[in-house]
Amino acid sequence: MPTAADLDSAIRDVPDFPKPGILFKDITPILGDPELFKSSLELLAKTAGNTKIDKVVGIDARGFIFAAGVAQILGAGFVPVRKKGKLPWTTHQMAYSLEYGEDVVEIHADAVKPGEKILLVDDLLATGGTAAAAIKLLKALDSDIVGVSFLIELTALKGRDVLGHSQIHSILSY
Ligand code: AMP
């Protein structure tokens with residue numbers, strides 16, 4: 001099975017995307033290789049430890065790709081946290097700050113039951129604003145967030161400090 005080092009080699013660094021000064025971590029080479037993709041899902045699934053997870057929650061949009069696969073491995077359901085206006089049913093909403101302005105994430109009000117054990121998954125932890133908003137939504141639904149797991153963490157941005165959770169895992173740190 002490919003290792004984290006193999007995943008690291010596959011990630012493509014794209015300078016100045018989507019704007020000057022950002023070094024974009026392109027994970028599509030991992031997705032395009034069945035063995036690397038499978039390995040990324042298995043490494044993320046392992047972060048749940050021995051806890052039986054009820055729902056894996058993925059964050060719009062690349063988080064969906066990983067969270068859905070992890071949910072299948074763990075025998076758990078998958079729940080999307082989406083950008084505003086995409087979910088058709090009754091939602092809970094949470095606003096969060098961007099560099100300029102504000103954005104909103106939503107979850108279906110009935111997607112998670114009180115006490116359900118959750119693994120929150122996204123592709124990348126940068127400033128942590130998006131994941132922090134997802135955590136607030138899940139807490140508002142009284143769920144039990146067992147862990148918060150990322151394929152990639154950009155450690156210099158100290159995103160984990162804003163998440164306020166004791167079980168934050170990343171497969172690759174930069
Ligand atoms: P943040 O809320 O700052 O932690 O940003 C997290 C989201 O933005 C993640 O879901 C990533 O998909 C995306 N993102 C932020 N920075 C990068 C980066 N350097 N490369 C790739 N994706 C990024």
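Buried means under 20% relative accessible area, exposed means over 50%, and partly exposed is whatever falls in between (1.4 Å probe, protein chains only). With that in hand, Phe37 counts as partly exposed because its relative accessible area is 23%.

Some ground rules come next. This is a predicted model, in which local features need pLDDT of at least 70 and side-chain atom pairs count only at pLDDT 80 or more, while totals for chains, interfaces and linings use all residues. Residues are numbered from 1 along each chain as its sequence is written, and side-chain values use heavy atoms, with hydrogens and water left out.

**Aromatic rings**

A pair of aromatic rings is described by the distance of the centres and the angle of the planes. Rings of Phe, Tyr and Trp (its six-membered ring) pair if their centres lie within 6.5 Å; planes under 30 degrees apart are called stacked, over 60 edge-to-face, and the rest tilted. Searching the whole structure turns up 3 aromatic pairs. One of them is Phe17 with Phe24: the centres are 5.2 Å apart and the planes sit at 85°, so this pair is edge-to-face. Phe37 and Phe66 also make an edge-to-face pair, with 6.2 Å centre to centre and 90° between the planes. Helices (H or I, at least four residues) and strands (E, at least two) are DSSP runs, numbered from the N terminus.

How covered are some of these residues? Here is a quick look.

| Residue | Relative accessibility | Class |
|---|---|---|
| Phe17 | 44% | partly exposed |
| Phe66 | 0% | buried |
| Ser39 | 0% | buried |
| Lys158 | 52% | exposed |

**Ser39 in helix α3**

Which backbone oxygen does the side chain of Ser39 reach? The backbone oxygen of Pro2, at 2.8 Å. Ser39 is found in helix α3, and leaving aside its neighbours within four places in sequence, it is in contact (heavy atoms within 4.5 Å) with Met1, Pro2 and Leu7.

Most residues other than glycine have a negative phi, and most peptide bonds are trans. Now for the exceptions. The peptide bond from Phe17 to Pro18 is cis, with omega near 0°, and Pro18 lies in the loop between β1 (12-15) and β2 (23-26). In that loop you also find Asp16, which has a positive phi of about 60° although it is not a glycine. A cis bond also runs from Asp60 to Ala61, with Ala61 in the loop between β3 (55-59) and α4. Lys158 has a positive phi of about 55° and belongs to the loop between β8 (144-153) and α6 (160-163).

**Strand β6 and its partners**

Strand β6 (residues 102-108) is mostly covered, with 5 of its 7 residues buried. Two strands pair if DSSP finds at least two bridges between them. Strand β5 (residues 91-97) pairs with β6 in the antiparallel sense over 7 bridges, and Ser97 has Glu102 as its bridge partner. These two strands form a hairpin with 4 residues between them, and Gly101 in the turn has a positive phi of about 85°. Strand β4 (residues 77-83) also runs antiparallel to β6, joined by 2 bridges, and Arg82 stands opposite Glu106.

Definitions and conventions. A polar contact is a pair of N or O atoms within 3.5 Å; within protein, one must be able to donate a hydrogen and the other to accept it, and residues adjacent in sequence count only if both atoms are side-chain atoms.
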